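The structure comes first, then my entries.

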Amino acid sequence: MKIAIVGGGLMGLVLAQRITASTKATVKVIEQDALPGGLSTYHNYGDFTWDKYYHAITPTDTDLIDFLGEIGLGDQIQWRRSLTGFYENKKFHSVSSSFEFLLFPLLGPIDKMRLAYTILKGSRTDDWKSLEKIHVTDWLIKLGGKKTYDKFWAPMLHAKLGENHKKVSAVFIWTYIKRLFKARSSAAKKEHMAYVNGGYKTIFDRLDEKLKQAGSNLLLNSQVENISVNPEGGINVSYNGTTEHFDKVVFTSPLNVMEKVTSPELYDISKSSKPIDYLGAICLILITKKPITPFYVLNIGDNDTPFTGVIGMSSLVDLEETANQHITYFPKYISHDGELWSKTDEEITATFLEGVKYLYPDFDEADIISSHVHRAFKVQPMQVLNYSEIVPKVKTPHPDFYVLNTSQFVSESVNNNSVVTHVDKFMKSFEKEIKSSLDKNVVG
Ligand SMILES: Cc1cc2nc3c(=O)[nH]c(=O)nc-3n(C[C@H](O)[C@H](O)[C@H](O)COP(=O)(O)OP(=O)(O)OC[C@H]3O[C@@H](n4cnc5c(N)ncnc54)[C@H](O)[C@@H]3O)c2cc1C
């Protein structure tokens, strides 16, 4: 049996690994870019290669950690103490342990108790269905009060979603509370995060290698242009000027691509009542001789900076990984119609550098070794009110065509642990379908 996976991001490649490890099907992963990995891919920064966008593993990412173990990379995971900071009124505050949390100067004792209550309530509830009926702002203010919202939650939401945070439901922050604050309730009550030696390149190299060993393959530089029903059974996929027949196809790329390339009888997305909106991200990356920030994540409670957070990757990752150079990411999350998309890399660099100097007045441009601007158009599906009612189903009306992408994360945040969880849930029924089709073929 031949299976095509459209999209060689982490979803497509974890799925390919799962299929080849548990069935006799052969898989072809078709990826448009020159490198595997999609949003989790890597980039050559001159003297070293590291993630194109910042990625860290948290202690609650148990499915991802198990998966890395299964592909033989468990001993490559490096846990480090990580620091989270807040910037408000020209001051930096660390909130990286339960103790620092208690000292957080922007809130008085009563507001801190309300904040603790919100986190406790969030981490103990599993009823995400009722949370998707209320806006995130309303839920947080109801539980923790306006001051806690303004001083603590708003900067965090801003760092993740920019101005668009007002549109999402309480599910968004609930998933965040579950992932990050639960991670801190370990014995040490101090924040820890991890990376894999060599970054995500190590993971994608290993997945490629395993795919080849299983007689399957990953095609790069291959943009899927059309997916249609084959009248004699199965599905046709057209890419690079050729059309190939597959018994089954799993689509893992964003929904706007599906709308473009899929024939209506396979999946008529235009019938869905509300289209799903994605946020994109533009990121300035500075490679410097000196560190810029001691924090892994800095949340900014100040609307004067052109970016929505600062990620000090070198505060987490050992310097030998990055040729003794420091790598810092300055992301801004924006909607598809944001003005920034039309700016050139030079304009973005100039604007963001003003923000860097505003936050860090001692920053010296002479310390910059190189700067890079990366753009990702479809990053974060907007979990608006009643989001679960508008997401596309994994099983489509056609028995051989499936959709498996991050837009289907109704009660998880968009991260790579959720990617593995989503694939594993899918595999429970898909594996049976593949095996029963293979059995039928043998009998037939
Ligand atoms: C700035 C940023 C920071 C992040 N930080 C973290 C983090 O710290 N921890 C974490 O766990 N996660 C993080 N993530 C999220 C993580 O990157 C995603 O969860 C993950 O990469 C989603 O993988 P995917 O395969 O579902 O989607 P994608 O990576 O979007 O993969 C889809 C693939 O489809 C391909 N494609 C599109 N159209 C076509 C076509 N026509 N033909 C063929 N191929 C096509 C694309 O090129 C892409 O490779 C971050 C993401 C961003 C952008």
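Before noting a distance between domains, I need to know what a domain is here: the bounds come from an automatic or database domain assignment. I also note that this is a predicted model.

**Entry 1: domains.** I looked up the assignment for the chain. Domain 1 is given as 2–51 + 199–275 + 386–443, domain 2 as 97–186, and domain 3 as 193–197 + 278–381. I then read off the spacing of domain 2 and domain 3, whose C-alpha centres lie 24 Å apart.

**Entry 2: where domain 2 meets domain 3.** I found 10 residues of domain 2 in contact with 11 residues of domain 3. The area buried between these two domains is about 930 Å², and carbon and sulfur atoms give 55% of that area. I looked for salt bridges across the interface, and the rule finds 0.

Which elements give two or more residues to the side of domain 2 that touches domain 3? I noted α7 (146–161) and α8 (171–184). The largest share of that side, 6 residues, comes from α7. By class, the side has 6 nonpolar, 3 polar and 1 charged residues.

**Entry 3: the ligand.** I counted 29 residues around the ligand. The closest are Glu31, Leu39, Ser40, His55 and Asn416. For His55, I noted an N or O atom of the side chain 2.7 Å from an oxygen atom of the ligand. A polar backbone atom of Met11 is 3.0 Å from an oxygen atom of the ligand. A polar backbone atom of Gln32 is 3.2 Å from a nitrogen atom of the ligand.

Definitions and conventions. Residues numbered from 1 in each chain as written. Predicted model: local features only at pLDDT ≥ 70, side-chain atom pairs only at ≥ 80, totals over all residues. Heavy atoms only, no water. Contact = heavy atoms within 4.5 Å. Buried area = accessible area lost by both parts, 1.4 Å probe. Salt bridge = Lys/Arg side-chain N within 4 Å of Asp/Glu carboxyl O. Helix = DSSP H or I, 4+ residues; strand = E, 2+ residues; numbered from the N terminus. Nonpolar A, V, L, I, M, F, W, Y, C, P; charged D, E, K, R; others polar. Near = heavy atom within 4 Å. Polar contact = N/O pair within 3.5 Å; in protein donor to acceptor, adjacent residues only side chain to side chain.
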